[in-house]
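Hello,

Here is the structure you are taking over. My notes on it follow below.

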Amino acid sequence: MFRAAKHSDLIRMEQLWLHAVANSHPSLPRQFWLNRLGEFRRDCRRSNQCLVFTGRHSAVAEAFITIVDNNRVAHLCVSPLFTGCGIGTRLLTSVGRGRSQLQAQVFRENLRTRYFLQKHGFVEIRRGYNAEYGQHQILMSGKGSSP
């Protein structure tokens with residue numbers, strides 16, 4: 001089931017996010033991401049839209065997507081139990097409705113997310129270097145789906 005995120009989902013969303021970023025960025029230690037938990041929480045508080053997916057017989061969030069600045073995908077995380085089941089695609093499609101464009105920033109080493117976004121029509125717009133993270137960032141853009 002897909003629904004709007006609730007405040008009670010935040011702890012589970014943090015767990016999913018931490019697992020996703022730690023596994024997608026092998027060059028950065030887990031503590032690096034733990035130190036950025038506050039940034040994740042700020043993104044959640046300022047989001048324009050946050051959708052979660054719950055399993056068939058559970059109210060627990062197993063995936064979520066967060067949109068900030070009206071068109072930027074800040075976070076898209078799927079539990080390993082549901083990876084490859086089309087949940088990420090359905091979340092991306094849902095938030096794309098009514099938006100002419102979506103953007104996402106990914107680090108160069110995060111190949112899985114880059115390929116996922118490319119598969120859904122996102123293209124590279126710009127590259128830059130983020131000195132704080134010691135990583136190259138790629139800004140990607142894709143079409144939403146106007147009503």
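The buried residues of helix α4 are covered by elements including β1 (2–4), β2 (49–54), β3 (61–68), β4 (72–78), β5 (101–107) and α5 (111–119). Covering is judged by contact (heavy atoms within 4.5 Å). Helix α4 spans residues 87–96, and its buried residues are Ile 87, Gly 88, Leu 91, Leu 92, Val 95 and Gly 96. Buried means under 20% relative accessible area, exposed over 50%, partly exposed in between (1.4 Å probe, protein chains only). Gly 98 follows α4 and has a positive phi, near 85°.

This is a predicted model: local features need pLDDT of at least 70, side-chain atom pairs count only at pLDDT 80 or more, and totals for chains, interfaces and linings use all residues. Residues are numbered from 1 along each chain as its sequence is written, and side-chain values use heavy atoms, with hydrogens and water left out.

Helices (H or I, at least four residues) and strands (E, at least two) are DSSP runs, numbered from the N terminus.

Now the cysteines. The structure holds 0 disulfides (pairs of cysteine sulfur atoms within 2.5 Å). For Cys 50, the nearest cysteine sulfur is that of Cys 44, 5.6 Å away. Cys 50 is buried, at 14% relative accessible area. For Cys 85, the nearest cysteine sulfur belongs to Cys 77, 16 Å away. Cys 85 is exposed, at 51%.

Leu 10, Met 13, Glu 14 and Trp 17 in α1 meet Leu 37, Phe 40, Arg 41 and Cys 44 in α3.

Best wishes
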